[in-house]
Amino acid sequence: MQKVILVFMLFSLLACGSSSDNEKQIVATSSVKQTAQTSQEKLPTPIPINQYLASYKVALIGNSHSYGILETLQSVLEHHSGNSNVEIRALAFGYTDELIKDSKLIDELNSGQWSHLIIQGQKYSQSGSYVYSTNATEQFISVAKSLNIMPILFPEHPQKGDPLEGERVYELHKSIAQNHPSCVAPIGLVWNKAIAQLGSQYFYSPDGNHAAAYGFMSTSLTLAQIITGEIVDSDEQQIINSVPSDVQAELARIVSQTLAENDPCN
């Protein structure tokens, strides 16, 4: 009788162990599936890479640093896109935290069939002692990608005599792009290299803040290579009269080298 009881107890224990292991396996499998699903849900939206197109329709938003660039950027884009049709338009001027509230601007983005959105106007502290919200810039990135528009962040160039400012602003925009994938134009890095070689005389307007001819060309070449995918360091043809062809060629070389060293869309 004792043997029967022992056998029965042993059988019961084995049965309980088997059931427990099976339950653990089911729970573990369910947990893996749930984790995989959660990981997929958290994957960021990829950047629409709208390069090598038959035509380009580029929207631009930003503050006063964006205002003066339109004419030069139009000419550079037309030159480096070959037979492509190019339209570039500034939709609104201001800082991103103000512009995100502009319903007319948002409607323009939704209805314009744009291929690219250049985003400039993220507030930043020149001294680095204050941190501004990047929420509005992030929202513009999300809106652009939801419309299959390629978002390009435009960190403005440094003020005259302060190359570290260009690096800080670039790093700020890189940090935005790490969490909200978007392309970042290394404009401050390009300016720093170009000024080191050519001097700052023709890069700045008299206020030492806004761009002059060489500055507009440097920024435009940088944006054009990101927009089109075409390497701008390819010829010495003079695109605009205010920049000599040899200077333009040197700026183009610096731009392409800097972009090779700092992948804008990675």
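The largest nonpolar core of this predicted model has 42 residues. The residues with the most contacts inside this core are Ile118, Phe203, Met217, Leu221, Leu223, Ile227 and Leu251. At least two core residues come from each of β1 (55-62), α3 (70-80), β2 (85-93), β4 (150-153), α8 (187-198), α9 (213-228) and α10. Helix α9 gives the most, with eight residues. Apart from this core lies another, of 23 residues, which includes Ile61, Trp114, Leu153 and Leu189.

**Overall composition**

The protein contains 10 helices and five strands. Of its 266 residues, 46% count as buried. Among contacts between residues at least 6 apart in sequence, 75% join residues at least 24 apart. The accessible surface comes to about 14,000 Å², and 52% of that area belongs to carbon and sulfur atoms.

**The sheet**

The five strands form an open sheet in the order β2-β1-β3-β4-β5, with parallel pairing.

Strand β3 (residues 116-119) is joined to β1 by four bridges, and the two strands run parallel. The pairing of β3 with β4 is also in the parallel sense, over four bridges. Residue positions across these pairings are as follows: Leu60 has Ile118 in β3 as its bridge partner, Ile61 stands opposite Ile119 in β3, and Ile119 stands opposite Leu153 in β4.

Within β3, His116 and Ile118 point one way, whereas Leu117 and Ile119 point the other way. All four of these residues are buried.

**Surroundings of Ile118**

Ile118 is one of the residues with the most contacts inside the largest core. Leaving aside neighbours within four places in sequence, Ile118 is in contact with Val58, Ala59, Leu60, Ile61, Leu73, Ile152, Phe154, Leu223 and Ile227. Among these contacts, Leu223 and Ile227 are also listed with the residues that have the most contacts in the core. Leu60, another of the contacts, is the bridge partner of Ile118.

**The disulfide**

The structure holds one disulfide. This bond joins Cys183 to Cys265, with an S to S distance of 2.0 Å. The link between Cys183 and Cys265 is right-handed, with 110 degrees about the S-S bond. The pair connects distant parts of the chain, 82 residues apart. Cys183 lies in strand β5 (residues 183-184), while Cys265 lies in the segment after α10 (245-261).

The two cysteines fall into separate accessibility classes, listed below.

| Residue | Relative accessibility | Class |
|---|---|---|
| Cys183 | 0% | buried |
| Cys265 | 22% | partly exposed |

Cys183 counts as buried because its relative accessibility is 0%, under the 20% cut-off for that class. Cys265, at 22%, counts as partly exposed.

Conventions: Residues are numbered from 1 along each chain as its sequence is written. This is a predicted model: local features need pLDDT of at least 70, side-chain atom pairs count only at pLDDT 80 or more; totals for chains, interfaces and linings use all residues. Side-chain values use heavy atoms; hydrogens and water are left out. A disulfide is a pair of cysteine sulfur atoms within 2.5 Å. Buried means under 20% relative accessible area, exposed over 50%, partly exposed in between (1.4 Å probe, protein chains only). A nonpolar core is a set of buried Ala, Val, Leu, Ile, Met, Phe, Trp, Tyr and Cys residues joined through side-chain atoms within 4.5 Å. Contact means heavy atoms within 4.5 Å. Accessible areas come from the Shrake-Rupley method with a 1.4 Å probe; for residues, only the protein chains shown count as cover. Two strands pair if DSSP finds at least two bridges between them.
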